[in-house]
Amino acid sequence: KDIFRKYPNKYEGIIATLCENLDVLDEPEARAAMVWILGEYADRIDNAAELLTSFVDTFVEETVHVQLQILTAVVKLFLKQPSAGQDLVQTVLSLATQDSDNPDLRDRGYIYWRLLSTDPAAAKEVVLTERPRINEETDMLESGLLDELISNIATLASVYHKPPSTFGSTSIPVQRMSDPSRATSSATREEYEADDTPADIPVAQPVAQPAAAPAHTSAPTSVETPAANLLGDLLMDTPAQQAPAGGGGLNDLLGGLDDLGFGGSNGPPAPTIKYDGWLAEQQGKGLRVEGTFTRRNGQLFMELRFTNCSMQPLSGFAIQFNKNSFGIGPAAPLSLPMLMPNSTDTASLALSTTSPVQRMEPLNMLQVAVKTNVDVVYFACNVPFHTLWMEDGEMERKLFLTTWKEIPSTNEVSAVISNVGMSADSAEEALKRRNFFIIAKRNVDAQTMIYASAKYANGIAILAELKFATAAGTVSLALKTRGLDIVPGT
């Protein structure tokens with residue numbers, strides 16, 4: 001139908017051929033387009049009423065998108081040929097308003113019914129109004145100007161289709177940032193479209209992301225004073241490296257120090273699931289995806305919320321992940337019923353860590369493909385590091401001491417956290433809730449020392465020391481691990 005609108009009075013000659021081949025139209029999009037043609041050119045097609053009757057007979061079996069087109073086409077037929085469409089319009093209005101559960105279809109049916117019954121002239125002006133010709137303005141732009149407008153998408157330049165220099169000499173172009181969710185190749189998409197098996201959903205190959213610029217820090221220095229020794233006499237005077245104040249990558253590793261309670265309340269985290277936006281409906285072809293990650297009873301879960309912003313039902317949901325740093329993959333198929341237009345549903349997907357491994361950048365990035373009856377959509381999200389800590393990450397005291405000594409000082413990172421709003425006891429409980437196990441706890445010179453350990457699903461262990469200085473309101477945090485790349489920002 002878009003071809004007829006973009007090139008009016010040019011291809012109407014093929015309408016007769018299209019009408020002769022209605023039986024071969026199986027796809028909903030094709031059937032909806034054909035119904036639009038029958039309604040739009042009802043005054044030119046001699047047997048338009050007969051052809052539309054065949055669609056009305058299968059009205060309840062059609063998708064909502066096709067039903068909406070049938071309703072509008074029959075109303076157009078009635079307005080153009082009242083005698084031919086009178087019985088047909090009463091039938092389809094009854095089906096739309098009384099036998100349908102879809103609110104969009106019912107609302108449109110009631111609107112047409114009231115228009116036709118109260119003011120047929122107004123109905124003709126509304127329904128038969130002339131559609132504007134489809135025109136792609138970007139086809140008329142030079143490639144150089146188009147690139148400049150895209151790079152200034154958030155400015156008036158993209159609105160008026162003029163370069164920034166037109167508005168003044170001090171315009172500042174907006175830098176486009178790379179989007180990991182677009183790290184997909186056309187070859188991958190074509191491969192997917194050729195295979196509808198849910199178990200074989202291909203995910204785009206990872207694209208190297210630009211590494212984050214390291215923060216400027218002073219050169220690490222080894223100190224041996226008791227105050228600076230992060231493990232004190234417990235670890236036989238093992239020196240540690242100094243680091244600038246602030247959480248940095250350690251904050252990301254712990255899932256947000258504020259979430260642990262540093263600088264916040266002492267109570268446990270709220271059980272309400274907070275979803276992050278992962279895929280907007282514009283990029284998801286009408287499907288909006290939000291989600292987060294949780295860990296319950298020793299199992300990692302992806303909490304998903306799907307919203308259908310399109311005009312047709314979505315079904316046949318399937319999901320698959322690309323190879324990733326921790327071997328994360330679905331432990332079971334995605335279970336989600338048909339999603340009607342303008343409706344939302346949630347799903348809790350159990351995950352495993354036994355899939356093929358491939359290092360990603362950033363390390364915790366997960367590339368996802370979601371399939372529906374419409375198409376395949378792609379996006380990327382980041383898995384919080386703390387959700388990957390295992391329930392068996394607790395070390396024996398002797399093993400903790402031995403491991404700390406064996407790990408070189410170059411594999412230690414530290415930070416000082418200011419304005420702490422919780423006690424050492426509260427921090428201990430918060431760490432336990434995230435599978436960061438307490439190995440020892442002691443008070444030394446008005447300071448509380450906590451030693452803890454955690455372990456990732458891939459077996460890499462993290463050893464930590466927290467030194468609470470109550471009077472100063474600070475916490476000195478030090479981490480050691482054999483795999484230093486699991487600490488963000490290092």
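Q: Angles under 35 degrees count as roughly parallel, over 145 as roughly antiparallel, 65 to 115 as roughly perpendicular and the rest as oblique; which of these words describes H7 and H8?
A: This is a predicted model, where local features need pLDDT of at least 70, side-chain atom pairs count only at pLDDT 80 or more, and totals for chains, interfaces and linings use all residues. Residues are numbered from 1 along each chain as its sequence is written, and side-chain values use heavy atoms, without hydrogens or water. H7 packs against helix H8 (residues 120-127) at about 135°, their axes 6 Å apart (axes are lines fitted to C-alpha atoms, for helices over the stretch in contact, and angles run from 0 to 180 degrees between N-to-C directions). The two helices are therefore oblique.

Q: How many charged residues are in the contact of H7 with H8?
A: From H7 come Tyr 112, Leu 115, Leu 116 and Thr 118, which meet Pro 120, Ala 122, Ala 123 and Val 127 of H8 (contact means heavy atoms within 4.5 Å). By class there are seven nonpolar residues and one polar, and the number of charged ones is none.

Q: How do the directions of H5 and H7 compare, parallel or antiparallel?
A: Helix H5 covers residues 64-80 and helix H7 residues 103-118 (helices, H or I with at least four residues, and strands, E with at least two, are DSSP runs numbered from the N terminus). Their axes come within 10 Å and cross at roughly 10°. H5 and H7 are therefore roughly parallel.

Q: How many nonpolar residues does the contact of H5 with H7 have?
A: Leu 68, Leu 71, Val 75 and Phe 78 are among the H5 residues here, while the H7 side includes Leu 105, Arg 108 and Tyr 112. Alongside three polar and two charged residues, the nonpolar ones number eight.

Q: Which residue forms a salt bridge with Lys 285?
A: Lys 285 sits in the loop between S3 and S4 and has a positive phi of about 55° although it is not a glycine. The structure holds 15 salt bridges (a side-chain nitrogen of Lys or Arg within 4 Å of a carboxyl oxygen of Asp or Glu). In this one the closest N and O atoms are 2.1 Å apart, and the partner is Asp 375.

Q: Where does Pro 362 lie?
A: The peptide bond leading from Glu 361 to Pro 362 is cis, with omega near 5°. Pro 362 is found in the loop between strand S8 (343-352) and S9.

Terms used:
Ala, Val, Leu, Ile, Met, Phe, Trp, Tyr, Cys and Pro count as nonpolar, Asp, Glu, Lys and Arg as charged, and the others, Gly among them, as polar.
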